[in-house]
Amino acid sequence: MKNSLVWFCRIAVGLLFIFSGLIKANDPLGFSYKLEEYFEVFHLTSLNGLALSLAIILCALEMILGFALLIGTRAVQVVWGLLLLIIFFGFLTFYSAFFKVVQTCGCFGDAIPLTPWQSFSKDMVLLLLVLVLFVNRTSIKSVFSKKTGDKLLIGATVVFVGFGLYTYNFLPIVDFLPYKIGANILEEMKTPPGAKADEFEVTYHLTNKKTKETKVMSDKEYLKTAIWKDTNWEIKGNPESRLVKKGFEPKIRDLNIQDAQGNNYNQELLSNPFYSLVIVAYNLEGTNTNALNRINALSANLIQNFNTRVILLTSNAPANAEVFAKQHKLVGELFYADGVPLKTMVRSNPGIILLKNGTVINKWHYHNMPKYEDLVKNYLSKQ
């Protein structure tokens, strides 16, 4: 019975840690943005430069510990590592939930978004399972010999770290973001007719002018009791609003493409029936200029030979962006949007998106940007 319980915990914890690490390692840049949110909360913004490295290491560590637990190699050290890691994650998710600071923990990346309290509950269940393993850590037996187990662990470490490096350099293997290939951006921004809106409960603090009695009532009680008709009762302070039930929320709700004068261009740019090449460089100061120059040469050919509309999207201030564009002789039209949706569009700075009628036809990291001939052969010659 005891052995069965240990094996159950071992398999459950091992698989969950591998799954959690794998999901985040699929998009390490996205996880690094989440780490930066935590750094800001704890006033550790000096660590922002290490966020990406930490993201890749943490994802790999989760998968390494989960794999090691499954095969049973170095069980005592592995269980200690799991215990410390789950305590650390539990603290972060509790802090996020209680103080309402980071509202999505990123435990399973963008694949399975969880609220902070859901994440904390998940961590507490995991903690119980890990505690069972911790109590019985000396009884966990390796499936292989010590030498074979160590070799497998080294091999797994190389694979797991390599996977995070690959997805960082060549975009996620599976894109869980709203700007994935095949998504129509305008459709993802719409709220369908009849969709339920957010439901809020308003709380009033009332005081009786004669008796000085106080009451706290919800908006429903306030109307039902008709206390508002009694002129002796008055509302003190500002009513408090609390979200009771989340309504429909479009997948894309924060994209506002503007020109330098602040005019909105969402409809014009996202309803173009022809191919458009969108260059996303959310931060021009931190962009890879060599890659941007290569993309610029590609853009010039597309404009000259196919009259393709080329758009450069950035979150930089227009004055700075225009100076940058002149310095690098960029041929694309400059447009501006907030950095958050730009980081979500493509996990690359710069990145490339091929759009047609608002639909994401394809997207590329600058490390594997397409050749002009390939774009013509696969797309432009067929429009």
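Arg74 is partly exposed, its relative accessible area being 39%. In this predicted model, Arg74 sits in the loop that links α3 (51-71) to α4 (75-99).

Lys100 belongs to the loop between α4 and α5 (116-135). At 66% relative accessibility Lys100 counts as exposed, because the limit for that class is over 50%.

## Overall dimensions

The chain contains 13 helices and nine strands. Its C-alpha trace spans about 80 × 75 × 40 Å along the principal axes. The radius of gyration of the chain is 26 Å, whereas a compact globule of 383 residues would have a value near 21 Å.

Of the 383 residues, 45% count as buried. Among the contacts in the chain with a separation of 6 or more, 73% are between residues 24 or more positions apart.

## Surface and charge

The accessible surface of the chain comes to about 20,600 Å². Carbon and sulfur atoms account for 59% of this surface. The chain carries 39 positive and 30 negative side chains. The centres of these two sets lie 8 Å apart.

## Strand β1 and its partners

Strand β1 covers residues 199-208 and pairs with β4 (residues 240-245) in the antiparallel sense through five bridges.

Leu206 has Lys215 in β2 as its bridge partner. The two strands β1 and β2 form a hairpin with five residues between them. In the turn of this hairpin, Lys212 has a positive phi of about 65°.

In a regular strand the side chains alternate between the two faces of the sheet.

## The β8-β9 hairpin

Strands β8 and β9 run antiparallel and are joined by six bridges. They form a hairpin with two residues between them, and Asn357 in the turn has a positive phi of about 55°. The bridge partner of Leu354 in β9 is Asn362. Six of the seven residues of β9 (residues 359-365) are buried, so this strand is largely enclosed by the rest of the structure. Buried here means under 20% relative accessible area.

Pro350 is found in the loop between α12 (339-345) and β8 (351-356). The peptide bond that joins Asn349 and Pro350 is cis, with omega about 10°.

## Asn169 and its contacts

Asn169 lies in helix α6, which covers residues 146-170. Neighbours within four places in sequence aside, Asn169 is in contact with His365 and His367. Asn169 and His365 are 196 residues apart along the chain, yet 7.1 Å separates their C-alpha atoms.

## Leu54 in helix α3

Leu54 lies in helix α3. It is partly exposed, with a relative accessible area of 32%. Once its neighbours within four places in sequence are left aside, Leu54 is in contact with Leu35 and Phe39.

The C-alpha atoms of Leu54 and Leu354 are separated by 31 Å, and the two residues are 300 positions apart along the chain.

Conventions:
Residues are numbered from 1 along each chain as its sequence is written. This is a predicted model: local features need pLDDT of at least 70, side-chain atom pairs count only at pLDDT 80 or more; totals for chains, interfaces and linings use all residues. Side-chain values use heavy atoms; hydrogens and water are left out. Two strands pair if DSSP finds at least two bridges between them. Helices (H or I, at least four residues) and strands (E, at least two) are DSSP runs, numbered from the N terminus. The radius of gyration is taken over C-alpha atoms; the globule rule is 2.2 Å times the number of residues to the power 0.38. Buried means under 20% relative accessible area, exposed over 50%, partly exposed in between (1.4 Å probe, protein chains only). Contact means heavy atoms within 4.5 Å. Accessible areas come from the Shrake-Rupley method with a 1.4 Å probe; for residues, only the protein chains shown count as cover. Lys and Arg count as positive and Asp and Glu as negative; His and the chain ends are not counted. The place of a charge is taken as NZ of Lys, CZ of Arg, CG of Asp or CD of Glu.
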